[in-house]
Amino acid sequence: MTGRRVVITGLGTVNASTVGGRDALAGALAVGRSAIGPVRAFDATKMVSRLAAEVDEATLASLVDRDAARRLSRICRLALGACLLAVRDAGIAGGPGLGMVVGTEHGDFTSSRDFAQGFLRRGPAGLSPMIFPNTVMNTMASIAAIAVGAKAPTVTMNQPTLAGDLAVARGARLIVDRRAEAVVAGGVDELFHDVYQRLAEMGALSPMRGRAPEGCRPFAVDHNGPVLGEGATFIVLEELEAARARGARIMAEIVETAWGNVPTAPHTGRAVRADHVSPVARMIRARDLTLVARCYGSGNGDPAVDDWERALLGRDLGGRADLLPPVSLAPRFGQHGGLGALRVGAAALDAVHGAPSVLVHGIARGGCRTAVLVGPAL
Amino acid sequence: MSRPGPRGGRPDVVVSGLGVVSPYGAGVKSFWTGLAAGICAIKPVTLIDAEGFRSRIAAEIPAEVMGTLGSSRRRSRADRVALAAAREALADAGLQGTDRAEAALLIGAVGGGMLEGEEWYWEETRRGAPAPGMRALRSILPFSHAETLGWRLGLTGPKETVVMACASGAASIALGADLVRAGVTPTALVGGVDVLTHICFMGFNALKLLDPTPCRPFDRDRRGMSIGEAAAFFVIEDAEHCRARGGRVHARLGGYGMTTDAHHITAPHPEGEGMIQAMRLALEDAGLPPSEVGYVNAHGTGTPQNDRAEALALRRVFGDGAVLVSSTKSLVGHTMAAAGSVEAAATILALQHGLLPPTANLVHVDPDVPFDCLPDTARPAHITAALSNSFGFGGQNVSLVFSRDLHP
């Protein structure tokens, strides 16, 4: 990126492993325990898949004011909780310069289901005007914007696998382009029975009709699908000089971002489809990679995504084969819309601990590809 | 918020390709013909069983038009509409080779392939057992449009699906323009798409925001909006790049403003605070004083709240009566995520043709709307700059400023 420099000054996460700011995430990453276990939110015993990484309801309830929580859907509470934690971690105030970018894969399907069920049970009289607004995917961002006073652009991005990464990249772009002075950027998804059941039936989740046991094993020989998680992770991005001027605790710098498309049929991933021209390929190939200490990847156990990511990075990283396979956080937190932002948060913590450069990479079925290069704010 | 001044040395962005599928039919030509003639395309709804609802009308893309857009069972109605509009825009721009392959793709969307997903879900609920055709669910989410277009059109630039309710289409144009201005890509395919869905039709009925008769924006007796469906796409481009390759310029995208009310999840700020700021930022970004804007294509939904707040905001920005205003939603309905791009297309065509589309069904102008809202008949007016407003649920405000390209 050229022009204004963008730094990370705060982090908030509500995930199956931990809840809190930068210290909480650092703690969870240090322990390294997987939060994946048998689904508790609904009865999955008769489903093909039975594992997930879930956020404890009692923990979530402690994050959002009880009166407000009664009016909010679960996914809104996840987003709001993580945004409030991020803003608190950064010590930043709302106003006309604060923007927001929220990435999500599935949005609020619970509300869509509930709204439709009202009609199917009782006809037009069963429709709830209170639920309907939640069916629009930008509701999480709007609720959070009201809570933190974000009056600059508030953008919601719908994207599989990379929702959080893409939101961070777009958030940084808003600052570079002077559309905002600071941006709360990240992603959110909830575990929802109907989505889980359909994905399992379609063979989109581990064990994907395979014989190996169910589980999240990115890049392993016996990988056989992702395991869903839920949660929200948001980071606070700020223009460097503004952050310094207010004495912010700067974690790291977003050195460069790129996102692009590797044309492939919808919902597919193909290891054979090379990427010679996307902005991501160009960015990685143009960088001095000798200082890259670690590469996080979006590989989540889905063989199509894992193999494709390994192949793409193998070409683009040149002689840095030691960075492969990329580090996946999916086995710890489960696949969800906040995971990409959590990867960026982990990279920022690496920078805090001295890593000179960390690459956060992603590729999704359907061809969206992202890269976020994180380094110390020097 | 600080700004580098008008453009700040960054490249001019121009619109070099247009594509529209609307209730008037497929193609920019039919769209403009309908608007210029002031034809209201809002009719009894056919896609949805509207029995028992307050409103039973909508502006649908005619079945015979849909029949010309391909019949792939893998593609949702929305995908087919989007693909047709996007292809027209690319062909209109004459974008080929690397210029086309490296283009960014930003799509404003909300409903995705929900129409087909709803059919499947309702069938399963009726049966009480798994229904066939679960494949429809794979295209249910908004990002499916970007996947379909990115694949079929072979685009490798930045790809984004922007969900900002009724401001989605306008936001896709704005955010795409930033990528061009920043030099990330010289060209971008941007726009919005939405088709009718049960959830949308039922939801706005439940909120009592739909007028039982075709909507009457800015009318004293207005009772709500009318839903429509459409797609509108644009090729936007670095002006120098466009001229160097011999491309045609439809209009210059001078600038935009994007703000958030942070006030209420469904209601606009009562004083139009975020709307005012969005319009002022757009004018500042374009380097234009309000007096140079001759026409505003209003968000103008026809709901009492929106039109009141927007009129208040227009008064604060432009002054009473100082600009001509119309709402094309009275002609093609509120096309939801596509509205911002459909109305941007109307604004550009108005600049090109020197003819401002009217506000249909406007009989008794609201006394709180001190503007000439161009009732019923299009009006010739040779303006050089125009502004298009889009405001969405969640207090999302986007204003776009277009001007005639005076430097061919």
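Student: How many residues of domain 1 of chain A are in contact with domain 2 of chain A, and how many residues of domain 2 take part?

Tutor: In this predicted model, 58 residues of domain 1 of chain A are in contact with 44 residues of domain 2 of chain A. A pair counts as a contact if the C-beta atoms, placed from the backbone, lie within 7 Å.

Student: Which elements supply the side of domain 1 of chain A that touches domain 2 of chain A?

Tutor: Those supplying at least two residues each include the strands β1 (6-15) and β5 (98-104) and the helices α1 (22-31) and α7 of chain A. The most comes from α7(A), with 9 residues. By class, this side of domain 1 of chain A has 31 nonpolar, 19 polar and 8 charged residues.

Student: What does the contact between chain A and chain B consist of?

Tutor: Chain A gives 61 residues to this contact and chain B gives 58 residues. On the side of chain A that touches chain B, the elements with at least two residues each include α5 (109-122), α6 (139-148), β6 (154-158) and α7 (163-176) of chain A. Here α6(A) gives the most, with 6 residues. Sorted by class, the side of chain A that touches chain B has 32 nonpolar, 20 polar and 9 charged residues.

Student: Why can chain A be called compact?

Tutor: A compact globule of 378 residues would have a radius of gyration near 21 Å, and chain A has 20 Å, so the value for chain A agrees with that of a compact globule. The C-alpha atoms of chain A fill a box of roughly 60 × 50 × 35 Å along the principal axes, and the chain has 13 helices and 12 strands.

Student: What makes a residue of chain A count as buried, and what percentage of the chain does so?

Tutor: A residue is buried if 20 or more other C-beta atoms lie within 10 Å of its own, and 65% of the 378 residues of chain A count as buried.

Student: How many helices and strands does chain B have, and why is chain B said to be as compact as a globular protein of its length?

Tutor: Chain B has 13 helices and 16 strands. For its 408 residues the globule rule gives 22 Å, and the radius of gyration of chain B is 20 Å, which is close to that value, so chain B is as compact as a globular protein of that length. Buried residues make up 65% of chain B.

Student: What makes β3 and β8 of chain B edge strands?

Tutor: In chain B, 3 strands form an open sheet in the order β3-β4-β8, with mixed pairing. Because β3 (43-44) and β8 (227-228) of chain B each have a single partner strand, one side of each is left without a neighbour in the sheet.

Notes. Residues numbered from 1 in each chain as written. Chains lettered and ligands numbered in written order. Predicted model: local features only at pLDDT ≥ 70, side-chain atom pairs only at ≥ 80, totals over all residues. Contact = placed C-beta atoms within 7 Å. Helix = DSSP H or I, 4+ residues; strand = E, 2+ residues; numbered from the N terminus. Nonpolar A, V, L, I, M, F, W, Y, C, P; charged D, E, K, R; others polar. Rg over C-alpha atoms; globule rule 2.2 N^0.38 Å. Buried ≥ 20, exposed ≤ 12 C-beta atoms within 10 Å, placed from the backbone. Pairing = 2+ DSSP bridges.
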